[in-house]
Amino acid sequence: MIHFFCLPGKLSVTAVLGVAILIGNTGCNSSGQKNSKGKGSTTNSSFMARSGPGAPITYQNGKRYIFLTFDDGPQPPGTNNCQSIFHEEGVKATFFLVGFNRNIDAYRRRIADSLNNSYPEFITANHSTTHGFRDNYRLFYSRPDSAVADMLKAQKDLNIKLKIARLPGMNTWASAGQVQGPKSSLTVTRALDSLGYTIIGWDLEWQFTKGSVPKQGAAEMAAQINKRFEQKYTYQPNTFVLLAHDRMFARPQYADSLRKFIAILKQDPRNIFETIDHYPTIQNREK
Ligand SMILES: [Zn+2]
């Protein structure tokens, strides 16, 4: 399935999202590590405790903030591999979970709980209960009431702490009345925004082929991210949101590719990995 979207401002981009959601396919489990740079709050926040999820950070000049986001989990063993790799490499990441995937069995529930309890290394966010009525996006977005109910159920079932969501199959952004994305998704988006949800899209996807095989290699993905920063071609300045899927990193060779990707990015001292609760549209909303 292909979705087109535009980046804000003058920049316009076409993103291709090949979403193929598979209830119970692969996944990344985590217990990561952190990068405590940039921590500390300077603004009042209605979010949570100062050190908890959502506590604002201060962005540092000259740094580049990378938000690694992984969708559709928990999908072991990919989720587990992601969790281990991020932990070993000391980088933060975000997992947008799917309620149905969590509820497949006790093992997946434990993975989701583990992710929920891993802040500040990892944060979990809402990626719906049914993944858009099991990838039936046309139906999902044509029934806004049902779609919103599906998202709200996931928030509860997944025990997501903050109102941060990514819509199934749509690169849509929303925060405090600012909405952008495919037209078909906007009614649902506005409804969620009015309920206090920030909707997070992505700047670039690490794509996959059938069988959830990553299309790009580690060096290629890292180069693409560098290019986006250099061209200032991202939704928010000095930030980059990567979309990937846990299940892509189930096999050892692809898990290794993820490890290499992280290693390449870490070589640049400007790069800071953060969890999505520190993304500008979320922090600014809470000021
Ligand atoms: Zn998804």
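Ten helices and eleven strands make up the secondary structure of this protein; helices (H or I, at least four residues) and strands (E, at least two) are DSSP runs, numbered from the N terminus. Before I go on, a word on where this comes from: it is a predicted model, local features need pLDDT of at least 70, side-chain atom pairs count only at pLDDT 80 or more, and totals for chains, interfaces and linings use all residues. Residues are numbered from 1 along each chain as its sequence is written, and side-chain values use heavy atoms, with hydrogens and water left out.

Now the overall numbers. Of the 287 residues in the protein, 58% are buried. For us, buried means under 20% relative accessible area, exposed means over 50%, and partly exposed is in between, with a 1.4 Å probe and protein chains only. The accessible surface comes to about 11500 Å², and carbon and sulfur atoms hold 50% of that; the areas come from the Shrake-Rupley method with a 1.4 Å probe, and for residues only the protein chains shown count as cover. Take the contacts between residues at least 6 apart in sequence: 77% of them join residues at least 24 apart. Contact here means heavy atoms within 4.5 Å.

On to the metal. Which residues coordinate the zinc ion? They are Asp-72 through OD, His-127 through NE2 and His-131 through NE2, at 2.1 to 2.2 Å. Along the chain, the spacing of these donors reads D-x54-H-x3-H. Donors are N, O and S atoms within 2.8 Å of the metal (3.2 Å for Na, K and Ca), and water is not among the atoms, so sites may look incomplete. Both His-127 and His-131 are buried.

Let's look at the backbone around there. Ser-128 sits in the loop between E4 and helix H4 (131-135), and its phi is positive, about 85 degrees, although Ser-128 is not a glycine. Is Ser-128 buried or exposed? With a relative accessible area of 0%, Ser-128 is buried.

There are cis peptide bonds to check too. One joins Pro-76 and Pro-77, with omega about 5 degrees, and Pro-77 lies in the loop between strand E2 (64-73) and helix H1 (78-89). Another joins Tyr-119 and Pro-120, with omega about 15 degrees; Pro-120 lies in the loop between helix H3 (106-116) and strand E4 (122-126).

Next, Ala-165, which is in strand E5 (residues 164-165). Ala-165 counts as buried because its relative accessibility is 0%. Leaving aside neighbours within four places in sequence, its contacts include Phe-96, Asn-126 and Tyr-197. Phe-96 is 69 residues away in sequence, yet the C-alpha atoms of Ala-165 and Phe-96 are 7.4 Å apart.

Let me turn to the loop between H8 and strand E10 (239-245), where we find Gln-236. Gln-236 counts as buried, at 18% relative accessibility, and beyond its neighbours within four places in sequence it touches Tyr-279, Pro-280 and Thr-281. Pro-237 is in the loop between H8 and E10 and is exposed, with a relative accessible area of 63%. Asn-238 has its place in the loop between H8 and E10 as well; its phi is near 55 degrees, a positive value in a residue other than glycine, and at 44% relative accessibility Asn-238 counts as partly exposed.

That's my tour, so over to you for questions!
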